[in-house]
Amino acid sequence: MIQFFRRIRQNLLSEGKTGKYLTYALGEIILVVIGILIALQINTWNEGRKEIKKSKALLEEFRKDLVRDTLESNYVIGKLEDQVRLERWAMTLVSYDPSHRDSLKKVFLGPYYQQPMTVRTFNKLQNSENPNLTGFTDLQNELTQYYTDTKYLLDAYNEEEKHHAFENEINQIIRSKIEIDVADFPLLPQDNNQPETMLDFAQSIQGRNYIKENYMRRKGMIRYFQSLKQQANELIELIDLSLANDS
């Protein structure tokens, strides 16, 4: 092909048709430039498709992370609801007898609850060479808000729950007077005054206020974790819709 164009130019020069030669040479240059631009455009299009394909794969991973978050929410909410029911039972009574000891122990020495958030894919995206979901800008904004602003509030909730469990003054008093029951480890002999101490504390103003405060705090946590679960479900729906529209 190159030799073909070269022969045309040589024939024009040999025939003394300089004007036509220059016009032809200019046309040839224009054709070459157009070819280069087309090649660049095709390359850009191919790279764009590669980035979109990569973004789709990341969205699938985001979806798995969000599903895991909803399952974690279900688990934590269920545990909180169990504890709230127990605390509600304790508040319906104004006096307790020895048959209530095991239930009261669960009220005062129950575990603390934290809701994790799976950030694996978000961190993977942020640490990649191109930290953008090409072709899904609006969805990326929604995901970024979830993994930054929402996670910030979640971390604050988790930290507050941990602080309450280990540094709350009343919890320190309870743990100094009532032994925690852990599987595979023996408890102190029952001739000590632990059961009576627990019943007395449960019937005190301080003890009842402690139960009420925990009840109200956990009710608030349930509402927050339910809203967190709703956000995750809404993002899952957005991902499904975006992937379906782009298929």
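Biologist: Hi! Which residue forms a salt bridge with glutamate 61, and how far apart are the closest N and O atoms?
Modeller: Glutamate 61 pairs with arginine 120, and the closest N and O atoms are 3.1 Å apart. A salt bridge here is a side-chain nitrogen of Lys or Arg within 4 Å of a carboxyl oxygen of Asp or Glu. Before we go on, this is a predicted model, where local features need pLDDT of at least 70 and side-chain atom pairs count only at pLDDT 80 or more, while totals for chains, interfaces and linings use all residues. Residues are numbered from 1 along each chain as its sequence is written, and side-chain values use heavy atoms, with hydrogens and water left out.

Biologist: Is glutamate 61 buried or exposed?
Modeller: Glutamate 61 is buried, with a relative accessible area of 18%. Arginine 120 counts as partly exposed, at 44% relative accessibility. Buried means under 20% relative accessible area, exposed over 50%, and partly exposed in between (1.4 Å probe, protein chains only).

Biologist: And which residues are linked with Glu61 in a network of salt bridges?
Modeller: Glu61 is linked with Asp65, Arg120 and Lys124 in that network.

Biologist: How many salt bridges does the structure hold?
Modeller: There are 8 salt bridges in the structure. One of the others joins the side chains of arginine 85 and aspartate 82, at 2.3 Å from N to O.

Biologist: How are arginine 85 and aspartate 82 placed in helix 2?
Modeller: They are 3 residues apart in helix 2, so about one helical turn separates them. Arginine 85 is partly exposed, with a relative accessible area of 46%, and aspartate 82 is partly exposed as well, at 41%.

Biologist: What about aspartate 155, what does it form a salt bridge with?
Modeller: Aspartate 155 pairs with lysine 151, with 2.9 Å between the closest N and O atoms. Those two are 4 residues apart in helix 5, so they are separated by about one helical turn. Aspartate 155 has a relative accessible area of 35%, which means partly exposed, and lysine 151 counts as partly exposed at 23%.

Biologist: Let's change topic. Which residues gather in the patch of negative charge on the surface?
Modeller: That patch holds Asp138, Glu142, Glu234 and Glu237. Patches are made of residues with over 30% relative accessible area and no salt bridge, with like charges joined within 9 Å and nonpolar side chains (Val, Leu, Ile, Met, Phe, Trp, Tyr) within 5 Å. Lys and Arg count as positive and Asp and Glu as negative, while His and the chain ends are not counted. The place of a charge is NZ of Lys, CZ of Arg, CG of Asp or CD of Glu.

Biologist: Which helices supply at least two residues each of the negative patch?
Modeller: Helix 5 (137-167) and helix 8 (205-245) do. Glutamate 234 is placed in helix 8 and counts as partly exposed, at 40% relative accessibility.

Biologist: Now glutamate 87: buried or exposed?
Modeller: Glutamate 87 counts as buried, at 0% relative accessibility. It lies in helix 2 (residues 18-92). Leaving aside neighbours within four places in sequence, glutamate 87 is in contact with Val107, Ile211, Asn214, Tyr215 and Arg218. Contact means heavy atoms within 4.5 Å.

Biologist: And what does serine 103 touch, not counting residues up to four places away in sequence?
Modeller: Serine 103 touches Leu86 and Trp89 on that count. C-alpha to C-alpha, serine 103 and tryptophan 89 are 9.3 Å apart in space, and 14 residues apart in sequence. Serine 103 sits in helix 3 (residues 101-109).

Biologist: Last one: how many helices and strands are in the chain?
Modeller: The chain has 8 helices and 0 strands. Of its 247 residues, 34% are buried. Among contacts in the chain with a separation of 6 or more, 80% come from residues 24 or more positions apart.

Notes
Areas by Shrake-Rupley, 256 points an atom, 1.4 Å probe, with all protein chains shown as cover.
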